[in-house]
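Subject: Structure handover

Hello,

Here is the structure I promised to pass on. Please open it first, then read the notes below it.

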Amino acid sequence: MDHDPCAYRTLIERLAEQSAADPSQAALEVRAITKHFGKTVALDGVTLSVRRGSIHALLGENGAGKTTLMRIAFGMISPDAGVIFRNGKAVEFRSPADAIQARIGMVHQQFSLIPAMTVVENVALGGCGIYRPGAIAEQIRQISRATGLALNPYASVADLTGAERQKLEIIRTLAHDAEILILDEPTAVLTDHDTRELFAQLRRFADTGGSVVLITHKLDDALEHANDVSVLHRGRLVFNGPVTGLTRDALMTAMVGSTPTAFRSKGGQPLDADQTRPNVSMTVRLFETDIEIRGGEILGVAALEGAAATFLRSLAGRVITTPAVNPPRNVGFVPENRLDEALIPAMTLVENVALKNAGERRGLIDWSDMESLTEEIIRDFDVRADGPHANAENLSGGNQQRFVLGRELSGSPPMLILENPTQGLDINAAATVHEGIRAARGAGTAVVFYSSDLDELALVADRVIVIGRQSIMTSAPDRDQIGRFLLLGAEDTGRTLG
């Protein structure tokens, strides 16, 4: 396994060597892995093997231990017990550098790119030797020829779409000699077309000897694209085997152990339904089209990638536009990137609650009230945390998202703006978010709900607008119609369609 990490070899050469290894040996095995965080048992004796030349789906609800297990396999976290095997040999990873040396790469759910740099410069980060942009650009082109992951090496990352940034994360991992790819929710921000393209590229990688571990909540992705599947439930392995013959219902039952958790309520009524919220009625103009926003309604937003950001953030009071948008005060806002824009991970949940509308408050903070409010959010939004003084960074992604939604709904906001609020969430967490949104609508809040998942828009929204390159279209909450309008919006040259 020892090799010179600075020696340049083509991806095809490396994968050919990998595929020639003993096929009876698993490319990667984690055996009897146990991990505790304080009193919480994150993993309890988990064992699974990843076959060479396969796509292995790792499923489970938020907090089941999926990401923790793979972070241990990548050397980010040390297990309390258990052993990692690479090509049949026991290994010990003290850091990600050790895992990279063993040709394992991990693409995290939150991108780790530097937008101000180019594609070549981002690929060079974490490498070694003298920086030679021409050589790195050729390496990127070679990876593109082998996998279909094509990018302009000299493009600025700031100008890349979400799908292109996902490609870059994978290219960077492959450029660092990876033969095993661990992908954490790689399709969370991708369109249907981009998702199909990504899986075609991953299949090419696996068919030439590579191995893929796919952490996902999307059962259809696992059933359609994976060879094997493992399911974790509350830190334990509850299923492990080939995908052949599996059904969506069987996987769902293994993941959640029951039907999705219902949204918790006060006295049998939806949260805050007893409170009267100011009735919002406002009109926003975009592409010479008036968009009406109404209290007590969920306005769904579908858009080409990046086309909705300014519209949503102007409603949330986060950006200033011309003509100016004048949203009501105390608008609730759930951004797409919760770790960068909604939470300070190193702070406690109480402190993160205190951050809401902090610029508008005067005088001393009543920490007793803040603690009571935090406990209420934890209870009503089914946030699994060790109390209000737990650090936000210790929560799983789904629990962070439910916490952010609960915080933004506190204080009865007249309007709630959401950007992909169920991105990367399991069935239970997504159901809780949906019920929270519906409860807000029932209490009179005007909800503006953007999702890249057209099925979700059709399920949740009362009315849908589709934002194209230069036009606005109004659609029924129907997936096929929304999809057709998106295609029209991608081709339009300034028409306004009704």
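You will find D340 in helix α11, residues 338-341. D340 and Q110 are 230 residues apart along the chain, and their C-alpha atoms are separated by 9.4 Å.

Please keep in mind that this is a predicted model.

The overall picture

The protein has 498 residues, and 51% of them count as buried. Its secondary structure comes to 17 helices and 18 strands. Take the contacts with a separation of 6 or more: residues 24 or more positions apart account for 68% of them.

The four-stranded sheet

Begin with the sheet ordered β2-β1-β4-β5. It is open, has four strands, and its pairing is antiparallel. Strands β2 (40-50) and β5 (89-91) are the edges, each pairing on one side only. From one strand to the next, the twist averages 30 degrees. Helix α2 (residues 66-73) packs on this sheet and touches β1 (28-37), β2 and β4. The direction of α2 makes about 120 degrees with that of β1.

Three bridges link β4 (residues 81-86) and β5 in the antiparallel sense. There, I84 has V91 of β5 as its bridge partner.

Strand β9 and its partners

Strand β9 covers residues 228-233, and five of its six residues are buried. It pairs with two strands that are worth a look. With β3 (residues 55-59), β9 pairs in the parallel sense over four bridges. L58 meets S230 of β9 as its bridge partner. With β10 (residues 236-242), β9 runs antiparallel, and six bridges join the two. Here V231 has F239 of β10 as its bridge partner. The hairpin of β9 and β10 has two residues between the strands, and R234 takes a positive phi near 50 degrees in it.

Helix α6

How many of the 14 residues of α6 are buried? The count is 12, so the helix is largely enclosed by the rest of the structure. Among the buried ones are G162, Q166, K167, E169, R172 and T173. L168, I170, I171 and L174 are also on that list.

Just after α6, D177 takes a positive phi of about 80 degrees.

The nonpolar cores

In soluble globular proteins, nonpolar side chains tend to be buried together. Here, the largest nonpolar core has 43 residues. Which of its members touch the most other members? They are L59, V123, L168, I170, L181 and L202. I170 touches V107, L149, L181, L183 and L198, leaving aside residues up to four places away in sequence. Apart from this core lies another, of 40 residues, with M370, V404, V433 and A461 among them.

The six-stranded sheet

What is the strand order of the open sheet of six strands? It reads β14-β15-β16-β13-β17-β18, with mixed pairing. The edge strands are β14 (332-334) and β18 (472-475), and each pairs on one side only. The twist averages 20 degrees from one strand to the next.

Strand β13 (residues 297-303) pairs with β16 (residues 446-450) in the parallel sense, over five bridges. One of the partner pairs is E297 with A446 of β16. Helix α14 (residues 397-409) lies across β14 and β15 (415-419). It runs at about 165 degrees to β14.

That is the tour. Over to you.

Best wishes

Terms used: Residues numbered from 1 in each chain as written. Predicted model: local features only at pLDDT ≥ 70, side-chain atom pairs only at ≥ 80, totals over all residues. Heavy atoms only, no water. Pairing = 2+ DSSP bridges. Axes fitted to C-alpha atoms, helices over the stretch in contact; angles between N-to-C directions. Contact = heavy atoms within 4.5 Å. Core = buried A, V, L, I, M, F, W, Y, C linked by side-chain atoms within 4.5 Å. Buried < 20%, exposed > 50% of the residue type's maximum accessible area, 1.4 Å probe, protein only.
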